[in-house]
Amino acid sequence: MTAALVQYVDIPQRGDARGGLAVAELGGALPFPVRRVYWIHGTKPGVSRGFHAHRELRQLCVCVAGSVRLRLFDGRREEDALLDSSAKGLLIGPGLWREMHDFSPDCVLMVFADAEYDEADYIRDRDQFIRHVHSS
Ligand code: T46
């Protein structure tokens, strides 16, 4: 059977009568130690982002406000993931081309990464990415 490209994780909700509280912790929603956190917000209407893959990086994406659609491509198959709840995370491992589309105006996409920023880890050309996955 072919493994799904889209891997969701449940983000435990610990809210109470006062309001919401969601937790991403090592061994729970987070399968790796986090070395960097960034968030994408204020994306202009009609703008798509991403269009790259990573050689090694693992990430957990959580849409903490609004919604966004991620398209994943492994060099053969494409799958879409809709992130529209802070109770749902998306794990993206290495070797996956990712594109982000349909950002809602209020979207805040928080990303937990297992390594510091390194431009050398990016493959930003789709044809190069396809050659990379088919040669590995
Ligand atoms: C990813 C998707 C989901 C930094 O200097 N440090 C950082 O930690 C990051 C993430 C980016 N940057 C710089 C690199 C570029 O000059 O910020 C600029 C915008 O980055 P980029 O065009 O790669 O952003 P996105 O939204 O296309 O992609 C980002 C992440 O870069 C990427 O790892 O998987 O979000």
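Strands here are DSSP runs (E, at least two residues), numbered from the N terminus. With that in hand, select W39, which is found in strand β2, residues 36-41.

A word on ground rules: this is a predicted model, where local features need pLDDT of at least 70 and side-chain atom pairs count only at pLDDT 80 or more, while totals for chains, interfaces and linings use all residues. Residues are numbered from 1 along each chain as its sequence is written, and side-chain values use heavy atoms, with hydrogens and water left out.

Of the 13 residues around the ligand, R36, R49, H54, Q59 and Y122 come nearest. Colour by type and you get five nonpolar, four polar and four charged residues.

Next, look for polar contacts (pairs of N or O atoms within 3.5 Å). Side-chain polar atoms of Y122 and an oxygen atom of the ligand lie 2.6 Å apart; for R98 the distance is 2.8 Å, and for Y38 it is 3.3 Å. The protein covers 68% of the 650 Å² of accessible area (Shrake-Rupley, 1.4 Å probe) that the ligand has on its own.

Last stop: the open sheet. Five strands run in the order β6-β5-β8-β3-β10, with antiparallel pairing; strands pair if DSSP finds at least two bridges between them. β6 (78-83) and β10 (122-123) stand at the edges, each with a single partner strand, so one side of each is left without a neighbour in the sheet. Zoom in on β5 (residues 68-73), which pairs with β6 over six bridges. Pick L70, and its bridge partner in β6 is A81.

Conventions:
Helix = DSSP H or I, 4+ residues; strand = E, 2+ residues; numbered from the N terminus. Near = heavy atom within 4 Å. Polar contact = N/O pair within 3.5 Å; in protein donor to acceptor, adjacent residues only side chain to side chain. Nonpolar A, V, L, I, M, F, W, Y, C, P; charged D, E, K, R; others polar.
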